[in-house]
Amino acid sequence: MAELAELEDPKTREVNKKHGDDHGVNLSKLRALAKRLKTQQELAGRLWKTGDSAARLLAILICRPKAFERDELDVMLREARTPKVHDWLVNYVVKKNPHAEALRLAWSADPDPVVASAGWALTTERVTKNPEGLDLAGLLDVIEAEMKDAPDRLQWAMNHCLAQIGIEHAEHRTRAIDIGERLGVLKDYPTSPGCTSPFAPVWITEMVRRQHDHK
């Protein structure tokens, strides 16, 4: 904890605050520290319990993702109330855990929009890597009905799923673009030069074009 406190940088904290994060540690320095500590599941558990965001990010980097029980991950996700801790937990731990599918189903149906956004993130992963058995048309129905009025984090996660369905599954592409066009979600999102807009129709079209260029 003392070492993490030394890595604290007020400028970094200011920038992170704009994104709803409450830590001031440069992430490449945090990764370097994690590399030195290597995997330490017990220490990871103790760091997580401090409730400190920088400590929790470090815990995520040094834990053993497959070692967590389903209920442990459920509690951790509900405790992770800042975007970075939440995203890292889902991407670096839950996705590699054997309970990922059970959690995906439970979280997707959760009334808490931040928890539900984790369910959608796991669904997007399956859309991309393991779509067998997923009802893609059904997912599009839900997105069409609920994305427009969903709270920010949940809307973002649903929109990502919409884009991936359109990018990866040609048979659903026209409908995915159509839903995106009609709902207009993130249409005016400020996008830096050289970056792809998160507006689904633009995102889908651009990624599909790139795939064709690579062939």
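From the N terminus on, the elements of the chain run α-α-α-α-α-α-α-α-α-α-α-α-α. The model is a predicted one. Its C-alpha atoms fill a box of roughly 55 × 40 × 40 Å along the principal axes. Buried residues account for 43% of the 215. Of the contacts between residues at least 6 apart in sequence, 62% join residues at least 24 apart.

The largest nonpolar core holds 33 residues. Trp48, Leu58, Leu89, Val94 and Trp107 touch the most other members. At least two residues of this core come from each of H3, H4, H5, H6, H7, H8 (100–108) and H9. H5 gives the most, with seven residues.

Helix H7 spans residues 83–93. Its buried residues are Pro83, Val85, His86, Trp88, Leu89, Val90 and Val93. They pack against H3 (27–37), H4 (41–49), H5 (53–62), H6 (70–79), H9 (113–129) and H11 (152–168). Beyond its neighbours within four places in sequence, Leu89 is in contact with Trp48, Ile60, Met76, Leu77, Ala80 and Val94.

The accessible surface of the chain comes to about 11,700 Å². Carbon and sulfur atoms make up 53% of that area. The chain carries 32 positive and 33 negative side chains. The centres of these two sets lie 6 Å apart.

Note on methods: Residues are numbered from 1 along each chain as its sequence is written. This is a predicted model: local features need pLDDT of at least 70, side-chain atom pairs count only at pLDDT 80 or more; totals for chains, interfaces and linings use all residues. Side-chain values use heavy atoms; hydrogens and water are left out. Buried means under 20% relative accessible area, exposed over 50%, partly exposed in between (1.4 Å probe, protein chains only). Helices (H or I, at least four residues) and strands (E, at least two) are DSSP runs, numbered from the N terminus. Contact means heavy atoms within 4.5 Å. A nonpolar core is a set of buried Ala, Val, Leu, Ile, Met, Phe, Trp, Tyr and Cys residues joined through side-chain atoms within 4.5 Å. Accessible areas come from the Shrake-Rupley method with a 1.4 Å probe; for residues, only the protein chains shown count as cover. Lys and Arg count as positive and Asp and Glu as negative; His and the chain ends are not counted. The place of a charge is taken as NZ of Lys, CZ of Arg, CG of Asp or CD of Glu.
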